[in-house]
Amino acid sequence: MRAVRTIDGEVRCVDVAAPEPGDGEVVVDIAAAGICGSDLHMLGFGLTATFGHECAGRLADGTPVAIQPIVHCGDCDRCLAGQSHLCRTAGGTMYGLGRDGGMADAIVVDESCLVPLPDGLSVADACLVEPLAVAQHAANTSGVEPGQRVLVVGGGMIGLACVATFGAAGADVDLSARHPHQVAAGELLGAGTAASGEYDVVVDAAGTSSAVATAIDHARPGGLLSAPAVYWDPLTIPNAVTLVVKEVRVQPSYTYGHHHGVREVDEAAALLGIVPELAQAVVTHRFGLDDAPEAFRVAADRASGAIKVVLEP
């Protein structure tokens, strides 16, 4: 079967042996896999596993599913405390990083990773469940309340997903985005597209020092900075004094787990089912699996109009 990997530092679609499921595992025939910003960063890491932690497909009987790409152990102190997103062993279990991922014709996953899809949700769009779950966790950990003002800084996939999740929680959401196509996507999702005044919650969905600075400037005194972004480069906060004077609380947000006993990936799947305009807003390109090198090139060129680039076997 085909799989997308890095060979000599370059993205290639190569032939590999079809995976065989072990105890408690199932085969999912992939229908769609999204390219994440993290995938672009990991190109230079010498990753040997097949890429793809944002994926969805069908079981042998045709049942459509999304995939939670992290296997939580369920036994460590954090899992037992209900904080499975902080599982002490989950980092090495991630499909698309520590294990072969879903940019392939098929993937073998633990049964616990299957995410049922709501009626009407296209499996071709269900690869968005994973990044939407990241945003769902950010909304849940922020404690956002209906009627609060929220500013999302960053108009990529996670930023636009945060527009959807914070909006679904009843907040009045504005988006601060760099590129015109990101602004247009935010408008499609109902966000205001100009930061104005102070906000109860500010979200850094860009992962840059300038984004954090913008968020802090617009936070109200005693407000909250939610940080679901990944900081690949050292972070400098030029307005750190403002952070202190306002006593802005900082809430990092890492992947997803459970919220009030419900998996956040299931919350994300349900939300995607009732907000079909999210896929319309963020999926800008679809490529065949054999065209993975070009798909990665397009995904890396945000200024050209790319938001979410999807590979379809």
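Trainee: Which elements do the buried residues of helix 10 pack against?

Mentor: In this predicted model, the buried residues of helix 10 pack against strand 1 (2–7), strand 2 (10–15), helix 1 (37–41), strand 15 (283–288) and strand 16 (308–312).

Trainee: Which residues of helix 10 are buried?

Mentor: Within helix 10, which covers residues 292–300, the buried residues are Ala 292, Ala 295, Phe 296, Val 298 and Ala 299. Seen down the helix axis, the buried residues fall within an arc of 165°, so they line one face of helix 10.

Trainee: Why is Glu 111 called partly exposed?

Mentor: Glu 111 has a relative accessible area of 48%. Buried means under 20% and exposed means over 50%; the value of 48% lies in between, and therefore Glu 111 is partly exposed.

Trainee: Where is Glu 111 placed, and what is in contact with this residue?

Mentor: Glu 111 is in the loop between strand 6 (106–110) and strand 7 (114–116). Leaving aside neighbours within four places in sequence, Glu 111 is in contact with Gly 24, Glu 25 and Val 26.

Trainee: What makes strand 9 and strand 12 the edge strands of their sheet?

Mentor: Five strands form an open sheet in the order 9-8-10-11-12, with parallel pairing. Strand 9 (172–176) and strand 12 (249–252) each pair on one side only, and this makes them the edge strands.

Trainee: How do you know that strand 11 and strand 12 pair?

Mentor: Pairing requires at least two bridges. Strand 11 (residues 219–227) and strand 12 have four bridges, in the parallel sense, and therefore they pair. Ser 226 stands opposite Gln 251 in strand 12.

Note on methods. Residues numbered from 1 in each chain as written. Predicted model: local features only at pLDDT ≥ 70, side-chain atom pairs only at ≥ 80, totals over all residues. Heavy atoms only, no water. Buried < 20%, exposed > 50% of the residue type's maximum accessible area, 1.4 Å probe, protein only. Helix = DSSP H or I, 4+ residues; strand = E, 2+ residues; numbered from the N terminus. Arc of directions from axis to C-beta. Contact = heavy atoms within 4.5 Å.
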